[in-house]
Amino acid sequence: MEISQNEFLHLYYYLRLTRALEERVATLYRQGRIVGGVYTSHGMEAISVGYASALQTEDIIAPFHRDMGAFLVRGITPGEVLAQYLGKRTGPTKGKDGNVHMGDLKRGIFAFVSHLADNLPVATGAALAFKIRGESRIVATNTGDGGTSRGDFHEALNFASVLRLPVVFFCNNNQYAYSTPLHHQMAIKDVVERAKAYAIPGEIVDGNDVASVYLTAKRAFQRARAGEGPTFIECKTMRMHGHSEHDSAKYVPRELLEEWKKKDPILKAERMLKESGYADESDFHETKMKVDKEIEAGLEFAEHSPLPEGPEALEGVFAANHIEVLI
Amino acid sequence: MTTSTIAHDVTYLEAISQALDEEMSQDERVFLMGEDIGPYGGAFRVTEGFQQRYGQWKVLDTPLSESGIVGAAIGAAMMGMRPVVEMQFADFISCAFDQITEMAAKNHYRWGAEVPLVIRAPYGGGTHGGPFHSICPEAWFFHTPGLKLVAPSTAYDAKGLLKAAIRDPNPVIYFEHKFLYRRIKDILPIEDFIVPIGEAEIKRTGRDLSIITYGAMVHVALEAAETLDQEGIDMEVVDLRTLSPLDTGTLKDSVRKTGKVIILHEDTKTGGIGGEIAAILAEECFNALDAPIMRIAAPDIPVPYSPPLEEFFLPKTNDVIIAARQLAAY
């Protein structure tokens, strides 16, 4: 196995934490306690957990809305996530924005906007800053299969390739963009074909295999860090819930979901952990108990956090004016 | 490029170059990116010689990719750089609209990330550019919270506002008027100076009425004021300089003094900045007004190419004179 026990247990822990947290969020939504949209990565957790775990602390991520695992790996706590969903002042956006629209420069996370693929040029720009300054930091960014149809996707890939920037593009290909299936999204079979046009090396990985995502990401990050330019990694997976929790996703054939249920990333990781002798059922149980406890503590924190006062809406439109007179 | 330390007649275009040169030489975070700005020196030659001096990564030629360029500038800005992006023509800024309004403008509000970004937008008509090389797109962004907009009318302001924009921690769109590039000059101070963002300036004081304007139209207003002066009409010319956030104090003070006001802009009339200024004055200075607020702006049509059509489109000195006479007689 190319992956150590510690590395794999780390990945497994974050798979579990992500799954449990998003299940909790979905429940809160059904209970009417979360008033806004809820977009989960259920069944796709291996992608964001895998790539984020392969980064170094000083690197940057520009994630999208199926990347809860990446937020957690980078140090956003379940309490902060729940506070964000509940619109609390203690959330990363202090109630200004909801769901996974959160970022923190100190933890190297660019906040996502709803316009898919907008984060790709921005990720490219962070990589440009590193290149200009001669730093060995890199950037990882992700978007969905649908997002790759937008112009910003193409502008970012072209820009990054021409300038050989240290950025790695991931695509969570979960086969549906809201209700639009892949064959209505693009005339090509694999999203990775798009990378060819930009002379960017492309790879396809099993997006439900956290070890594969992790190891593939690691190799691509190494290339980027060595100044060899961007890589595009298509992670094949399946969106197991609706686009958001309000969406029953009746347009997805049941058989397809049944088939992918068997490929669940947590089940897969557990199988591999057992086969490699890295962990057994009791370890899985222990991890589950641990993450459940963390989420309960997080919910307690979020629920006891204050809501913002209405007029706080007026704050922060501009950064404080600290014009530096340099001479 | 040693001109930056010498005070002599500096054109509006040279003033922009000087501001970029000075900010780049004293702050290594500042870098330029855009289409054809490198060896070619930019479509208007604002960055001529810059790449030789600062290298290809600090004066970065990019693919034709306005959204990609602005997006990348946002990312670099959040990583501590101070990018100055050149839109080859302000008209092309529509391709980057989404990155400007959704990403740059909202980042600080949403999650506290500063985006110290400057977008230089060569704008305006009078140069026979036709529908795609002439527009005044400021109103699109005027309606977007989180952006600062400046539009200098003189070489002095061009230099001082660009330096202030580069040092500002927020996204600033810098509207530089193409018609003024080589037509006006100023004597500039040797020492470092900025023109603070958010401050209008009275370019000519007057008693009888105020005209509020910006960009190339400041010169139209000043020319009209000279003619009107000979007729005994004393018109005050208020140059906004910063379009957002508006210096409403200076506008209101001027209107309270004169009691009559014309709002003049080159942008088309409906939904233009003039409508908002009129509303502010009506809301907050109603009792000081001795006459209805007047607006002079371009008609609601794309900017046409053929000289007689473009001439018809652009607000002219005579339009101002006629309106001012009406107001004075009111």
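This is a predicted model: local features need pLDDT of at least 70, side-chain atom pairs count only at pLDDT 80 or more; totals for chains, interfaces and linings use all residues.
Two strands are taken to pair if DSSP finds at least two bridges between them.

In chain B, seven strands form an open sheet with mixed pairing, and their order is β3-β2-β4-β5-β7-β6-β12. The edges of this sheet are held by β3 (59-61) and β12 (242-244) of chain B; each has a single partner strand, so one side of each is left without a neighbour in the sheet. From one strand to the next, the twist averages 20 degrees. Within the sheet, strand β4 (residues 82-86) of chain B runs parallel to strand β5 (residues 118-123) of chain B, and three bridges join the two. One residue pair to look for here is V85(B) with its bridge partner in β5(B), I119(B). A helix covers this part of the sheet: α3 (residues 66-78) of chain B lies across β2 (30-34), β4 and β5 of chain B, and its direction makes about 170 degrees with that of β4(B).

The domain assignment divides chain B into domain 1 (2-187) and domain 2 (201-329). Taken over C-alpha atoms, the centres of domain 1 of chain B and domain 2 of chain B are 26 Å apart. Where they meet, 25 residues of domain 1 of chain B are in contact with 23 residues of domain 2 of chain B. On the domain 1 side of chain B, the elements that give two or more residues are α5 (138-142), β6 (148-150), α6 (155-167) and β7 (172-177) of chain B. By class, the residues on that side of domain 1 of chain B comprise 14 nonpolar, eight polar and three charged.

Three bridges link β1(A) with strand β2 (residues 139-144) of chain A in the parallel sense, and in β2(A) the bridge partner of I60(A) is V139(A).

Helix α1 (residues 5-30) of chain A packs against helix α2 (residues 45-53) of chain A at an angle of about 135 degrees, and their axes are 9 Å apart. That angle makes α1(A) oblique to α2(A). The crossing of α1(A) and α2(A) is right-handed. The residues that meet are H10(A), L11(A), Y14(A), L15(A), T18(A) and R19(A) from α1(A) and E45(A), A46(A), V49(A), G50(A) and S53(A) from α2(A). This contact of α1(A) with α2(A) has five nonpolar, four polar and two charged residues.

Finally, the two chains come together. Their contact takes 40 residues from chain A and 39 residues from chain B. On the chain A side, α5 (119-133) and α6 (151-162) of chain A each supply at least two residues. The residues of chain A that touch chain B divide into 22 nonpolar, eleven polar and seven charged.

Note on methods
Residues are numbered from 1 along each chain as its sequence is written. Chains are lettered from A and ligands numbered from 1 in the order in which they are written. Axes are lines fitted to C-alpha atoms, for helices over the stretch in contact, and angles run from 0 to 180 degrees between N-to-C directions. Helices (H or I, at least four residues) and strands (E, at least two) are DSSP runs, numbered from the N terminus. Angles under 35 degrees count as roughly parallel, over 145 as roughly antiparallel, 65 to 115 as roughly perpendicular and the rest as oblique. A crossing is left-handed if the near helix is turned anticlockwise from the far one by less than a right angle, and right-handed if clockwise. Two residues are in contact if their C-beta atoms, placed from the backbone, lie within 7 Å. Ala, Val, Leu, Ile, Met, Phe, Trp, Tyr, Cys and Pro count as nonpolar, Asp, Glu, Lys and Arg as charged, and the others, Gly among them, as polar. Domain bounds come from an automatic or database domain assignment.
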